[in-house]
Every structure is written in structure tokens, then in C-alpha cells.
Amino acid sequence: MVSLPFQYSLPHSQFQKMGLDFFTKKPYSPPSWASHLNPIPSHTFSLGNLTTPIHKWNLPNLPNNTEVWLKRDDLSGVQLSGNKVRKLEFLLAEAVEQGADCIIIIGGIQSNHCRATAVAARYLNLDSYLILRTSKVSDQDPGLTGNLLVERLVGAHVELISETEYAKIGSVALTNQLKEKLISEGRKPYVIPVGGSNSLGTWGYIEAIREIEQQLETGNADLKFDDIVVPCGSGATVAGLSLGSWLSSLKAKVHAFSVCDDPDYFHDFVQSLLDGLEAGVDSRDIATIQNAKGMGYAISTQEELKFIKDIAAATGIVLDPVYSGKGAYGLLKDMSEHPEKWEGRKILFIHTGGLLGLYEKAEQMASLVGNWRRMDVPESVPREDGIGKMF
């Protein structure tokens with residue numbers, strides 16, 4: 001069982017201001033507009049640097065009178081950055097409540113969720129077991145690129161599975177097999193599904209909608225978003241955003257760009273998450289999902305990578321190649337092909353993080369970022385003998 005860092009008697013709001021509620025478990029009360037959902041989580045852990053900022057995103061070549069704003073969930077932490085931490089606040093609270101001593105998670109070799117889970121688990125003194133899908137030979141060291149480096153630094157146990165075996169066996173069977181093995185060894189594992197996407201994880205982005213509501217009320221009451229746009233990789237982020245927006249005062253249309261499976265699959269999966277909360281709404285009525293997977297999950301074309309580079313150079317916002325990059329690429333492509341659909345609208349794009357995934361694309365991107373040269377120093381500039389001064 002995890003021991004909390006400390007007990008406190010100051011009002012909780014005061015601790016929030018001081019930042020002293022980090023890593024603490026606290027009772028959860030849902031927004032009033034979501035209080036009819038069932039089940040409601042009993043507790044949550046404070047794991048993310050929330051509230052994340054919202055600011056205008058000065059993208060080039062937008063349709064007439066269109067504004068795009070950014071919700072910076074990539075700033076929800078460093079090791080824990082991205083949308084995953086919002087789900088983990090609920091999932092790990094349940095794990096601790098159930099007396100777990102380790103966490104099982106499954107995903108791709110550069111899974112942001114696996115990295116975030118490994119870090120968060122270590123924060124809470126829980127071991128983590130990662131089943132990672134790889135296209136390479138699974139009996140070779142997977143290396144230390146991107147998310148893998150962080151996972152291995154925090155002591156995660158990495159189990160490799162080939163993409164072929166993964167496809168034949170499936171994520172549920174694989175996690176169950178590891179769960180039974182750990183139980184036989186006397187451990188108490190808690191299994192988190194792919195991407196943290198179950199009905200409990202959906203609460204992370206129901207809560208994010210409350211956060212956005214409060215930001216608009218306190219920061220700019222005249223700003224109202226017509227649309228919320230988000231990449232979709234496992235489903236719970238879309239489910240939480242769309243349900244929360246529909247129930248709350250926001251009433252923004254949610255548009256998701258899928259980066260792996262097809263839109264029909266995600267509509268059905270999001271529906272299962274909504275049904276798990278007894279929401280009583282059809283996923284197709286509260287969200288639209290478009291295909292943006294391109295050549296496949298985590299596979300980037302040169303055009304997509306050039307887009308990421310161009311957006312970074314134009315706006316200073318660095319997108320990841322798996323989620324936010326494909327989502328933004330899909331959005332701007334749709335704007336270019338159907339400008340009338342977006343003209344005059346105020347759009348909130350959810351930046352879901354994933355910066356570490358860029359490191360795996362470094363070789364692919366090398367030809368796109370060749371802006372360097374050796375500095376020419378004229379002979380007339382005085383030199384000192386030896387190594388000289390560094391500062």
C-alpha cells in the first residue's frame with residue numbers, strides 16, 4: 001500500500017495554491033452536470049501540473065475569420081506530459097484503493113502512455129510492467145530512444161512482443177497472461193488497458209471540460225469555442241471531451257482525427273465507454289471522427305514530418321509525429337479542402353503531448369532541418385594560446 005507524502009490540516013484550496021497537494025489522493029466530486037453518470041470515481045490522485053494553459057495559435061493559411069486556440073496538455077508535466085496523466089489520476093487512485101503493488105500496461109514501443117504510467121507508478125511506489133509491441137526482433141535490446149529511455153530510467157520491467165504475435169494474441173490476453181504470472185509470484189497487479197481507455201479513464205477528460213469551462217469563465221467570458229479538435233489513438237480522450245462538452249455549458253462540437261484504427265471502430269469503442277457510464281447518448285451525435293492515420297500508426301510520411309517542422313518554425317509549437325502532428329495535419333488538410341466548413345469558427349485544439357516520440361524520427365527528419373553551418377571567424381579576431389577561456 002502506498003503511504004502518502006504527508007497529512008495536512010490547511011484548507012485544500014490553500015494547498016492547491018501552494019502546489020502542496022501534488023501526489024496526494026483526494027475524494028472526487030464530479031461537475032454538477034455530470035453527477036448523474038454512473039459509476040462516479042471515489043478518489044483521484046494529483047499527478048499533473050493542472051490547469052494547463054489555453055492560448056491563441058497563429059497558424060498560417062486559415063480560412064476567413066477562423067481562429068485556432070491551443071489547450072496545452074503537453075505542458076501537464078515533464079516525464080508525465082500529455083493527455084495520459086489526466087486518465088492516470090483516476091486509474092492509479094483505483095489501483096491504490098484496491099491494494100495493488102504493481103501496474104501492467106501495454107502499448108507500442110514508443111507508447112507515451114506506457115512511459116507516463118511507468119513514471120506515475122514510480123511516484124506512488126508501485127512497480128510497472130510494460131508489454132511493448134515492436135517491429136524489431138523481440139530478443140534484442142530495444143535501445144534507449146525517446147520514451148524507452150525514461151521508462152528504463154525509472155526501473156520499468158519491459159516485456160517485448162512482436163507485432164505479429166500481438167496481432168494474433170491481442171492486448172487483453174497478453175495482459176491477462178502477465179497478470180496471472182505475477183499473481184503466482186505473490187504480486188498484486190492492476191491492469192490498465194491500452195491508452196488508459198476505459199470508462200474510468202474517460203473521467204480524465206470529463207474533468208478537463210470542467211477545467212476549460214472555469215478558464216473561460218475567469219479569463220475571457222466573451223470567448224466561446226465552436227469546435228474542439230483532438231487526435232484519437234485509443235478513445236477515452238474523445239469520449240470524455242465529447243460527453244463533457246455535450247453535458248456542460250461549452251456545447252462545442254468535438255472533431256477527432258484517428259491516428260490508428262478507422263472512424264467506425266472508434267465510434268463503436270467510444271460508444272462502449274459512454275455506455276459504461278450510463279450516459280444515454282450516441283457517440284455519433286456528439287463527436288465526428290475522421291481518418292488521419294496516413295500510412296499507419298506511428299508511421300510518418302515525409303510530408304507529415306515536414307508539416308511538423310513547418311508548424312514549429314512558424315509558430316514555435318512542437319507537435320509529436322504520432323498524435324498531435326497527425327491530428328493537426330488532418331485538421332489543416334480538411335480546412336484547405338473544405339474552407340467553408342470552418343470559416344468564422346473558433347476552434348480549440350487539444351495538444352496531447354508526446355514530444356519524446358520525435359526522437360525516434362530524428363533520422364527521418366534530418367534532411368528537413370539542415371539549418372546549420374560552421375561559424376566563420378576572421379583571422380583578425382584575437383586568439384589566445386592553448387584551450388582558452390570557456391566563459
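Colleague: What should I know about the numbers before I start?

Modeller: The model is predicted, so local features need pLDDT of at least 70 and side-chain atom pairs count only at pLDDT 80 or more, while totals for chains, interfaces and linings use all residues. Residues are numbered from 1 along each chain as its sequence is written, and side-chain values use heavy atoms, with hydrogens and water left out.

Colleague: What volume does the largest pocket have?

Modeller: About 1,300 Å³. A pocket here is an open set of points on a 1 Å grid over the protein atoms alone, where a 1.4 Å probe fits, with protein on both sides within 12 Å along at least five of seven lines. The volume is the space filled by probe spheres set on the points.

Colleague: Which residues are closest to its centre?

Modeller: Gly107, Gly108, Ile109, Arg133 and Tyr297, out of 50 lining residues; lining means having an atom within 4 Å of a point.

Colleague: Which element gives the largest share of that lining?

Modeller: H6, with four residues. Helices (H or I, at least four residues) and strands (E, at least two) are DSSP runs numbered from the N terminus.

Colleague: How does the lining split by class?

Modeller: There are 22 nonpolar, 20 polar and eight charged residues. Asp, Glu, Lys and Arg count as charged; Ala, Val, Leu, Ile, Met, Phe, Trp, Tyr, Cys and Pro as nonpolar; the others, Gly among them, as polar.

Colleague: Different topic. Is H12 buried or exposed?

Modeller: Largely enclosed by the rest of the structure, because 11 of its 14 residues are buried (under 20% relative accessible area; exposed is over 50%, partly exposed in between, with a 1.4 Å probe and protein chains only). Tyr329 and Lys326 are among the buried ones.

Colleague: And how many salt bridges are there?

Modeller: The count is 19, taking a side-chain nitrogen of Lys or Arg within 4 Å of a carboxyl oxygen of Asp or Glu. One of them pairs Glu211 with Arg86, at 2.8 Å between the closest N and O atoms. Glu211 is in helix H7 and Arg86 in helix H2, 125 residues apart. Both Glu211 and Arg86 are buried.

Colleague: What about Asp227, which partner does it meet?

Modeller: Arg345, at 2.6 Å, N to O. Asp227 sits in strand S9 and Arg345 in the loop between H13 and S12, 118 residues apart. Asp227 is buried at 2% relative accessible area, whereas Arg345 is partly exposed at 22%.

Colleague: Which residues form a network?

Modeller: Lys71, Asp73, Arg86 and Glu211, joined by salt bridges that share partners.
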